[in-house]
Amino acid sequence: MDKIQFQALRIALGMMRSTPTIILLSESGELPLDLRSQALGTKQALKVLSYENPIGNMLIQLYARYNEAPDSWKTAPPLVEALDYAAQILEQEKWPNSVFIYTDGSKDQDGKVGVGVFSEVSELRHSGRMPDFHSICSAEVYAIYITLLKIEQYDIAKAVIFSDSSSALKKVSKTGIDAETDELTLVTRRKLINKRDVQLAWIPSHTNIYGNEEADKLANAGRLLPPTLTPKADYKTFIPKMKEFIYNKWKERFVAIGRTKGKEYCTTVQQPYRTPWFKQYKSLTKQQVTTMCRLRSNHCLSPSHLYKIRINRDNLCQCGEVADVFHLIIACPHNYNHQKILYSYFDKEIEQNPISLHDILFKFNKTEHIKQIALFLNVSNLKL
Ligand SMILES: [Zn+2]
C-alpha cells in the first residue's frame with residue numbers, strides 16, 4: 001500500500017524516482033498511510049466515545065480486554081491504538097496546558113521500597129529508594145511529595161499528578177478529624193493545598209498507560225539504589241512490629257515459667273492467647289466464662305483443689321475416689337447418666353476417640369460446646 005501511495009505521489013508531483021519518500025509526503029501534504037489510518041480511526045473513536053451509545057461501551061470493553069491480554073497477543077490492532085490516542089486526547093482536553101506527571105511506588109519481597117516519577121519533561125523524572133519499613137502506600141505518597149517538590153523547583157504552572165493508588169490519593173487529599181496525620185502525609189497535603197493548579201488524578205494500574213508504565217519502571221529501579229534513612233516513617237508503621245516483639249517476649253516467658261507453674265495449662269495452650277479465648281463466643285454468660293476459665297486452669301472448686309489449698313479436709317468424691325476435674329466430668333460412676341448425655345454431644349463434635357478432658361476444655365470452636373458443659377455441671381449439681 002505504501003509503495004502505491006509513494007508512486008501515486010511521485011506521478012502527481014512529477015518528482016524523481018530517487019526522491020526520499022518523506023519529501024514526497026511532505027511536499028504533497030500527505031500523512032504516511034499508517035498514521036493516516038490512525039488519524040481516521042482516532043477520529044472515529046473520538047466521535048463514538050463523545051456520547052453515550054452501545055458501540056462506545058463495546059469499544060471501551062474491547063479496549064480494557066486488550067489491555068489485560070498478555071503482551072504476546074499484542075500486535076496493536078489499529079482500532080485499539082486509535083482508542084488509545086482518543087483516550088489520551090480526551091485526557092489532555094480535561095486538563096489543558098497541564099504537564100502530566102505519573103507517580104508510582106513499589107515494594108519487593110525483600111521489603112525494599114522504591115519510588116518513581118515520570119513525565120515527558122525529563123527534569124521531572126525521579127527514581128529513588130526509601131527505608132524498607134515504609135509501606136507501599138507511603139511510597140505512593142512519597143512519590144507525590146517528590147513530584148510536588150519538583151513542580152516547585154521547576155516552576156511548573158499547571159500539572160496533573162497521576163497515581164494508581166487510590167488509597168494514597170485519599171490520604172493526601174482528605175482533610176478533617178479522621179484524616180491521616182503522619183509526617184509524610186501532612187507535608188504532602190500542605191504542599192498540595194498551596195497549589196491550586198496541581199490536580200491529582202487516579203489511573204488504573206497495569207493497563208499499559210505509557211506514563212504509568214514508565215513511572216513503574218523508575219520505581220522498580222529505585223529499589224536497587226543504596227538504602228536511605230529518609231523519609232522517616234509514621235510511628236504507626238512500627239506498631240505491629242513492636243506488638244510482635246513484645247508478644248514474643250511474653251511467649252518466651254510463658255513457656256519458661258510454664259515449665260514449673262501451670263504446667264498442664266501451658267503445655268496445652270502452648271502459647272498465650274493474644275485476645276481472650278472467649279471473645280468469639282458472644283452469647284456466653286459471665287458465669288459460663290468464669291467456670292470454663294476455672295476448669296481450664298484446674299484451679300476450681302473441686303474437692304481435690306479445695307483440699308490442696310487447705311479448705312477441705314479431704315480430696316474425696318462421694319464415690320470415694322479423688323475428686324479432681326477429670327473425675328468429676330469424666331470418671332465418677334455416680335454421675336454416669338449425665339456424663340452419657342454430655343458425651344453423646346461431644347461424640348458428634350469431636351472426632352478423636354476416646355474423648356479426653358483436654359478435648360472438652362480446650363478443643364472447641366462453638367458456643368454450644370460450652371453451653372453443654374454448663375448444662376452438664378448444672379444438672380449434675382456440680383459447682384466448680
Ligand atoms: Zn466420684
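Hi everyone, this is a short walk through a few local features of one protein model.

Before we start, residues are numbered from 1 along each chain as its sequence is written. The model is predicted, so local features need pLDDT of at least 70 and side-chain atom pairs count only at pLDDT 80 or more, while totals for chains, interfaces and linings use all residues.

Let's begin with strand β4 (159–163). Helices (H or I, at least four residues) and strands (E, at least two) are DSSP runs, numbered from the N terminus. What are the partners of β4? Strand β1 (residues 99–107) runs parallel to β4, joined by 5 bridges, and strand β5 (residues 198–202) is also parallel to β4, with 5 bridges. Two strands pair if DSSP finds at least two bridges between them. If you want to find these pairings on screen, look for Y102 opposite F162 in β4, and for S163 opposite W202 in β5.

Is β4 mostly covered or mostly open? Of its 5 residues, 4 are buried, and β4 is mostly covered. A residue is buried if 20 or more other C-beta atoms lie within 10 Å of its own, exposed if 12 or fewer, and partly exposed in between, with C-beta atoms placed from the backbone.

Now step back to the loop between α6 (136–153) and β4, where D155 is found. D155 is not a glycine, yet its phi is positive, near 55°. D155 counts as exposed because it has 6 C-beta neighbours inside 10 Å. Q270 also has a positive phi, about 65°, without being a glycine. You'll find Q270 in the loop between α11 (263–269) and α12 (286–297), and with 10 C-beta neighbours inside 10 Å, Q270 counts as exposed.

Here is another backbone detail. T230 and P231 are joined by a cis peptide bond, with omega about -10°. P231 is in the loop between α9 (210–222) and α10 (239–258).

Last, a helix pair. The axes of α15 (residues 336–349) and α17 (residues 367–379) come within 9 Å and cross at roughly 170°. Axes are lines fitted to C-alpha atoms, for helices over the stretch in contact, and angles run from 0 to 180 degrees between N-to-C directions. On the α15 side, the contact is made by H338, L342, Y345 and E349, and on the α17 side by H369, Q372, F376 and V379; contact is when C-beta atoms, placed from the backbone, lie within 7 Å.

Key
Two residues are in contact if their C-beta atoms, placed from the backbone, lie within 7 Å.
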